[in-house]
Amino acid sequence: MVESQNQNLENIVIPNIRSFLNFDSIAQIGIRYPLLRVLELKGSMNLTKLPEELKSMIHLRYLGLFNTEFFVQYRVLTPIPTHYLSKLPFEQRHIHREMAEQIVSHVLSKLEGLLIREYFFLKGVTQQVELVKIHLRQMQSFLRDAEEKKNKGDNRTRQWVRDVREVAFEIENAIDNYVVQIHNVTAKHVRIGKRFVVKIVALHKLGDKISKIQEKIRTISESRNNLGIKNLGEDAGEEKPFLNTIVVPDIDNEEIVGFEDDRKKIIDALVDGAENKKRQVLSIVGVGGLGKTTLAHKVYNNPKVEELFDLRIWLSISQDFKPIDVLRKLYEKATGNSRMPVEEAEAYLVELNKSLSNKRYLIILDDVWTEDVFDYLNVGFPDVGNGSRVIITTRSLDVAIDPTGVFALPFLSKEESLELLLKNALRTSNPVTNCPNEIRDVAAKLADRCHGLPLAIVVLGRLLSKKPCEPALWSQVGKNLDWYGDGQKCINILASSYHDLPYYLQSCFRYLACFPEDHVFHAKSLLRMWIAEGFMDHNKKGTLEEKAKRCLEELAQRSLVQVVKRDYYGSIKYFRVHDLLRDLAIHESEENDFLFICNKENMQTDFKKARRVVIHNNHKAESQNQNLENIAMPNVRSFLNFDTEVRIGIRYPLLRVLEFKRSRNLTKLPEELKSMIHLRYLGLEDTRLEQLPETIGCLQNLQTIDIWDTKVEKIPSSLWGIQALRHVTLREWLPGPPQSANLVNLQTLENIIVPESWRDGLPHLPSLRNLDLGYFDKEENGSIVMPDWNIVITLLGTLHNLVSLFIEGDRIPTEIADFKTSPSYQHLQTLILWGAVGSEPPYSTRFFLDTVELPRNLIILNLGYIWFDKDPMPKLEKLPCLKSLILQEIENIEEMVCSAGGFPQLQDLSIWYVHGLKQWKVEKEAMPLLKTLSIRYCEKLSALPDLNHVKTLQELRLIGMSDVSESKVKDRTGEEWQKIQHIPTIKYSYF
């Protein structure tokens, strides 16, 4: 009987139940099972509402309510709780690696996530989806072998991989478009009945697409056998095959230029440093083709080196490192014996060590790719205090053993490039001076195309050596030169570094092709784009930002990017990409359908397959604007615009990255923005954008938004409801998030002012690492309302991950900088405090240093527009980690003293606009690591401190210091000059 059944079920305790399926249409059931994963109540007509306990079922993955009374009344599928949706694979596992194997893996994750989220509506196509998954998994097992065959030049396999990649893209597009359609009809203004109908229609379209895709998959699978592609997935224990070793063209010593200084330094380290009897390991580091092997040969064959060492051994390692083969060759060269009776690595190492122990040896390990090579061989290289040496040539700094023995090779200058080209092309002595001017002019242009890479220059020179020495013919060679044809050897060597990268790093490297030639990359922005693209593996330890930093560091270690500047934390801040490496990135991007670079020649191209589109500022805006506004790009995931005048219609529903930095014609965002639910990165810096629409809140996957230097004056409240936000940069100064905001992922919040709502409570920002905040006096009803700094102090007390803090405001209290007040400062490394800019002395912000305990981990400290009660240096010089100090517009300071032993790590010091400063003393042994010193507009400072003992100082800048610079320094005589004459660079200016 139903009555007894209901009574029993409602009172039964089932604490460990995971699935509950009910097929009784009139049963009444109490749903109170906290560990439930599946709840099927289809057809339960007595179900009119869901219990309050549902919110506690955090493990619930499937909720079936079709044809219940609840469904009949409201005609809506009740959503799975949002706190669980945020954890679903479909939302979070978007690891978007562009190699075909990784794309297939990514699409499989999406299919699984889609089946979970939309189980009810996908019932009609579940069988089709599962069949697609089976076929994709089968192809995934064969893809690694196919990729390797493709890289060896097999064109038929290359097409097969392309077909697999395209069918995977088709599936991903179908899924993403389905999600967009479903999202669009869940808006509040769409009637519930219509939502259901639209979902059914969208499902039907998805089914049709999957059916067509199935046919393609079947054809691709059948063609695999004809190509002989193996299933490497079946041989799980087999090691990944290495790439074939690229044979470097022989380069005679007399044909190489530009290495003389490096050669002398290395030889000096071997010969003149012979008094250092401890075994040393030197490393020559640079990209492929830069001349590492040639330089090592010069050193190896130098007469002084030959005379110094009892035994010299040269051994090429390469990527295909087979330990037993290498040990056999070392043993043969060290002992003169062919091989040992027993071919065991341990036995070889013991005998090698024994043989080398009574010799001063020099061993050169050429072309080492991984750190474990030396670790493996090191046992065989004894250190018996006789001055033995090991030299390693490598493309990666990671392989370098001793940081003090690293020789990083630069690219050749234009003059050196021309000399090397002519030596190889003309094969004569003094070719630069002896060749005709017209030949020299043509050769200079050709040499410039090689961008300082010796191998590229040699390859080109040898190509020219086979042509008559005539300017017209040489020019024609330049016009016809195909670096992926005639210069294949050079490009192959560069490409070998690329193919050696892990798959996720290959995507990161290819992404560099998005940016213009000679672009100086700001690492912070690029890393956020990588994250938005999904290149970072969510399963590895650390934050996404930490993983992205490690990826960039790895590219730098492999010499695939050139570091321009590091920040004081040691992280890469700015970097460049060598033009040839950028060309390689473009080539690989085109080969993998990764990127499309838009220019005036290809504006009529079909963009339907394009997944990333980039516009560079290299053609006329007028014709470009007309074309781009009407071009359909339905599948584009990233759109980066570097043309300041272009006008573009932003109607790309599947976008993840949208970069419009410095796009002057962008004044508003389109209505279609609300439908770009996949968008994760929105870069609008330095545009003329006037407002953010309230619909910005629809972008629930948005991670980064940057509206710095725009005309936006108001932030829509909906922005602060996006829980995925990680980095927010506003226009200066706009109200921050309300007290109700729960931004658990937010790490960066820049250029906010304290909103009024914070008086009633504070937002939840547990992950915040970087905060830029303003808080100022304001006028109300004719009177001044002062900031309540207790609000800020309370907030800071909750930010336990804070690394960087910038505060500008009126009447900043001393407690703001006090570690005792804010114990959350334990991780703080950057502190910038500015009193109200423009206020007249005495400034409203006053610091009483005796009451303050500054954070001990500070690396950067910038204090401005502040009144101090005494000389701040005795307090500041005790900070053990401080590397950069700026004091500007400081009041009430007439004398400063830097004590012996003070500022032990300081590298950069700036004293600006300290108008009252009259005397400054720097004692001996103060600031022992100082590199740059800048003094600006300290008009009462009539004499410089004695800097003679600061031997590390490389640059002194004197700005607006006419009394000192003109009368006492510029003439390079007298007492003032004696204080600074050792400094290599001294700059004077009035402004």
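How many bridges join strand β10 to strand β11? Four bridges join β10 (residues 562-566) to β11 (residues 572-576).

## Model and conventions

This is a predicted model, in which local features need pLDDT of at least 70, side-chain atom pairs count only at pLDDT 80 or more, and totals for chains, interfaces and linings use all residues. Residues are numbered from 1 along each chain as its sequence is written, and side-chain values use heavy atoms, with hydrogens and water left out.

## Overall make-up

The protein has 29 helices and 33 strands. Both are DSSP runs numbered from the N terminus: helices are H or I with at least four residues, strands are E with at least two. Of the 991 residues, 52% are buried. Buried means under 20% relative accessible area, exposed over 50%, and partly exposed in between (1.4 Å probe, protein chains only).

Contact means heavy atoms within 4.5 Å. Among contacts between residues at least 6 apart in sequence, 59% join residues at least 24 apart.

Strands β10 and β11 run antiparallel. Two strands pair if DSSP finds at least two bridges between them. Val-563 has Phe-575 in β11 as its bridge partner. Five residues lie between the strands of this hairpin, and Gly-570 takes a positive phi near 95 degrees.

## The five-strand sheet

An open sheet is formed by five strands in the order β5-β6-β7-β4-β8, with parallel pairing. At its edges are β5 (311-316) and β8 (406-408), each pairing on one side only. Neighbouring strands are turned by 15 degrees against each other on average, direction ignored. Axes here are lines fitted to C-alpha atoms, for helices over the stretch in contact; angles run from 0 to 180 degrees between N-to-C directions.

Within the sheet, β6 (residues 361-368) and β7 (residues 389-394) pair in the parallel sense over five bridges. Ile-363 stands opposite Val-390 in β7. Helix α9 (residues 260-270) packs on the sheet and touches β4 (280-285), β6, β7 and β8. The direction of α9 makes about 170 degrees with that of β4.

Three bridges link β2 and β3 in the parallel sense. Val-38 has Tyr-62 in β3 as its bridge partner.

Glu-53 sits in the loop between β2 (38-40) and β3 (62-64). Its relative accessible area is 33%, so Glu-53 is partly exposed. Glu-53 and Pro-34 are 19 residues apart in sequence and 8.1 Å apart in space, C-alpha to C-alpha.

## Helices α21 and α23

Helix α21 (residues 503-511) packs against helix α23 (residues 544-557) at an angle of about 80 degrees, with their axes 10 Å apart. The two helices are therefore roughly perpendicular, a label for angles of 65 to 115 degrees; under 35 counts as roughly parallel, over 145 as roughly antiparallel and the rest as oblique.

From α21, Tyr-504, Leu-505, Cys-508 and Phe-509 make the contact; from α23, Cys-551, Glu-554 and Leu-555 do. By class, this contact has six nonpolar, no polar and one charged residues. Ala, Val, Leu, Ile, Met, Phe, Trp, Tyr, Cys and Pro count as nonpolar, Asp, Glu, Lys and Arg as charged, and the others, Gly among them, as polar.

## Cysteines

The structure holds zero disulfides, a disulfide being a pair of cysteine sulfur atoms within 2.5 Å. Cys-450 counts as buried at 0% relative accessibility. Cys-514 is buried, with a relative accessible area of 0%.
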